[in-house]
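Subject: Structure handover

Hello,

Here is the structure you are taking over. Please open it beside this message and follow along as you read.

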Amino acid sequence: MQFKDIIGQTETRQHLTDMLQQNRLSHALLFLGKEGNGSLNLARAFAQYVVCEKVNGMNKPTTGTSLFGEEPISNGQPFDKSDSCGQCSACMKAAKLVHPDIHFSFPIISIKKDRPTVSNDMITEWRKFILENPYGNSYDWLQAIEAENKQGNITSKECEEIIKKLMLKSFESKHKILIMWMPEYLGNEGNKLLKLIEEPPADTLMIFVAENEQQILPTILSRTQLVKVPMLFASAIAQQLVEDKLTDADNAQQIALMSEGNYREALRLLQHADDNWELLLRDWMNSIVRTGPAAQVKWVEDVAKIGREKQKQFLQYFNHVLSHAVRLKAMGDAAFDPSLAENETQSAISGFAGKINRLCHFDQLEALVREIDQATYHVERNANAKILFHALTIRIYYIISNKSVILVP
Ligand SMILES: [Zn+2]
């Protein structure tokens with residue numbers, strides 16, 4: 001995987017290549033960022049960059065020991081060192097996840113009866129999973145290996161294997177690289193790695209790719225150089241969806257806005273792209289504000305039928321509209337002009353947010369967001385949809401009408 005294959009993250013990759021070129025890179029990095037932002041892909045592309053023969057200038061006699069001080073030449077032209085070449089033998093192997101000096105460690109379940117399972121036991125499944133789902137999360141991975149309810153784990157035995165692998169001489173590249181995905185799954189046995197992190201053998205690079213800072217061993221956290229990987233811009237997500245011909249520009253925009261910088265979520269939402277959340281939301285709000293209880297009961301019955309997954313997505317859409325409303329409010333409602341929106345979808349969301357703003361103060365918007373968050377939580381835990389949405393309708397009515405009481409003495 002090259003940097004150019006990654007969605008967005010241009011600043012982070014620039015930061016990484018700069019640190020490498022300027023020799024400011026620690027031997028142990030922690031890529032920290034939320035699900036669906038492509039941190040693992042960034043780690044893969046960076047590892048490929050480090051082993052790439054052209055970046056290293058291995059196609060030219062070297063004069064010093066500095067790995068990245070050379071100026072490799074390609075067809076008489078200086079090689080652009082902002083990305084790996086994608087063509088040398090090291091790049092080809094890295095792209096297929098079979099480079100002998102790039103090691104992977106990830107959560108697994110126990111499959112061996114006679115000894116503890118290690119990542120290598122599942123490397124074939126892992127390669128297939130990552131190549132097919134570059135933006136997948138640990139839940140997807142554990143599902144893919146049919147872990148069902150078993151907890152994934154990075155075992156003590158795995159830590160011993162890592163130490164062994166990194167102590168060996170490298171095979172083809174100057175560097176030996178470990179990419180550990182989800183160090184959150186390391187229990188206290190992770191402390192076995194501390195010595196390795198503190199005093200690594202020469203030319204070792206360890207990249208820990210994590211999502212949740214709180215779940216990482218503090219001893220590892222304090223010994224690694226933090227690289228924060230931000231969420232993706234909606235524009236980058238939309239552009240990718242269109243480039244991959246997954247949907248049209250308008251729909252891509254709607255999905256990108258709702259996915260909140262998470263490409264995995266964008267792909268998931270895409271599967272339900274035909275659903276018209278805007279219409280459903282309009283009906284609901286009308287039944288609450290205008291048409292009254294009979295329309296509310298009908299709406300609740302309809303929404304109870306669409307199933308948990310879609311209910312969740314609908315609530316997510318509503319939450320997105322609400323956060324948009326909060327932003328508009330912060331800018332002053334005068335800033336609201338649907339005609340300035342970039343496309344129809346954005347205009348619809350802005351239009352709806354504007355209408356909600358005419359009904360609600362800040363506190364009411366906040367109260368609505370809280371209600372929607374709560375409802376999402378309960379939907380995820382299998383609450384009875386009819387009761388849940390009925391109660392939610394009443395609460396929203398209460399929140400919204402509160403303002404009318406204030407406004408109309
Ligand atoms: Zn290369």
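A residue is called buried here if 20 or more other C-beta atoms lie within 10 Å of its own. By that rule Trp277, Trp284, Ser287 and Ile288 are buried in helix α13, which covers residues 277-291. Please keep in mind that this is a predicted model.

First, the overall counts. The protein has 409 residues, and 37% of them count as buried. It contains 18 helices and seven strands. Of the contacts with a separation of 6 or more, 77% are between residues 24 or more positions apart.

Next, the sheet. Five strands form an open sheet in the order β4-β5-β6-β1-β7, and the pairing is parallel. Which strands stand at the edges? They are β4 and β7 (225-228); each has a single partner strand, so one side of each has no neighbour in the sheet. On average, neighbouring strands are turned by 20° against each other, direction ignored. Helix α2 (residues 39-51) packs on this sheet and touches β1 (28-32), β4, β5 and β6 (204-210). The direction of α2 makes about 165° with that of β6.

Strand β4 can be followed residue by residue. In β4 (residues 102-105), Ile102 and Phe104 point one way, while His103 and Ser105 point the other way. All of these residues are buried. The partner of β4 is β5 (residues 176-181); the two run parallel and are joined by four bridges. Across this pair, histidine 103 stands opposite leucine 178, and phenylalanine 104 stands opposite isoleucine 179.

Is arginine 115 buried or exposed? Arginine 115 is exposed, because 9 other C-beta atoms lie within 10 Å and the cut-off for exposed is 12 or fewer. Arginine 115 and lysine 157 are 42 residues apart in sequence, and their C-alpha atoms are 9.2 Å apart in space.

Ala234, Ile237, Ala238, Leu241 and Val242 of α10 make the contact, together with Ala249, Ala252, Gln253, Ile255, Ala256, Leu257 and Ser259 of α11. By class, the residues of this contact are ten nonpolar, two polar and no charged. The crossing of α10 and α11 is right-handed.

The second pair is α13 with α15 (residues 308-331), whose axes are 10 Å apart and which pack at an angle of about 75°. The two helices are therefore roughly perpendicular to each other. On the α13 side the contact is made by Trp277, Leu280 and Leu281, and on the α15 side by Phe314, Tyr317, Phe318 and Val321. This contact has seven nonpolar residues, no polar and no charged. When you look at either pair, remember that an α-helix has 3.6 residues a turn, so residues three or four places apart point the same way.

One last item concerns the end of α13. Glycine 292 follows α13, and its phi is positive, near 95°.

Regards

Terms used
Residues numbered from 1 in each chain as written. Predicted model: local features only at pLDDT ≥ 70, side-chain atom pairs only at ≥ 80, totals over all residues. Pairing = 2+ DSSP bridges. Axes fitted to C-alpha atoms, helices over the stretch in contact; angles between N-to-C directions. Contact = placed C-beta atoms within 7 Å. Left-handed = near helix turned anticlockwise from the far one by under 90°. Nonpolar A, V, L, I, M, F, W, Y, C, P; charged D, E, K, R; others polar. Parallel < 35°, antiparallel > 145°, perpendicular 65-115°, else oblique.
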